[in-house]
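Open the model in your viewer and keep the selection panel at hand.

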Amino acid sequence: IVARVAAAQPDVLLVAYGHPAQDLWIARAQPRLRVPVAIGVGGVFDYMAGAVPRAPAWMRRLGLEWLYRLIRQPWRWRRIVEAVPLFLWAAWREGRQKEQ
């Protein structure tokens with residue numbers, strides 16, 4: 001796979017192995033890929049293809065898609081519970097830095 005990607009010389013590589021496999025694979029293969037940008041996209045292709053339903057529009061507007069995913073896919077609870085506070089903390093810190 002690495003040789004095929006390197007031969008294609010893409011500007012962007014989207015890797016959809018799921019978390020954390022995609023991130024580990026990118027980190028391991030990046031030096032040999034020769035791709036400027038490699039992004040782990042998780043299950044985004046499943047959503048784009050309609051294989052996995054998205055949250056109702058009202059939940060998306062309120063920023064609650066994560067809650068919908070938690071209800072539909074309860075095995076993801078640990079990742080979501082860890083990620084939400086970290087995201088809120090990072091957003092708060094960035095907002096404070098911009099104020100200064």
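Show the surface of the protein chain. Its accessible area is about 7800 Å², and 61% of that belongs to carbon and sulfur atoms. These areas come from the Shrake-Rupley method with a 1.4 Å probe; for residues, only the protein chains shown count as cover.

A word on the source. This is a predicted model: local features need pLDDT of at least 70, side-chain atom pairs count only at pLDDT 80 or more, and totals for chains, interfaces and linings use all residues. Residues are numbered from 1 along each chain as its sequence is written, and side-chain values use heavy atoms, with hydrogens and water left out.

Switch to cartoon. You get six helices and two strands, in the order α-β-α-β-α-α-α-α along the sequence. Helices (H or I, at least four residues) and strands (E, at least two) are DSSP runs, numbered from the N terminus.

Along its principal axes it spans about 45 × 45 × 25 Å.

Next, colour by burial. Of the 100 residues in the protein chain, 20% are buried (under 20% relative accessible area, 1.4 Å probe, protein chains only).

Select V2, V5, L13, V15, W25, I26, A29, L33 and V35. These nine residues form the largest nonpolar core, a set of buried Ala, Val, Leu, Ile, Met, Phe, Trp, Tyr and Cys residues joined through side-chain atoms within 4.5 Å. At least two core residues come from each of α1 (2-8), β1 (12-15) and α2 (21-33). Which element gives the most to this core? Highlight α2: it supplies four residues.

Terms used
Buried < 20%, exposed > 50% of the residue type's maximum accessible area, 1.4 Å probe, protein only.
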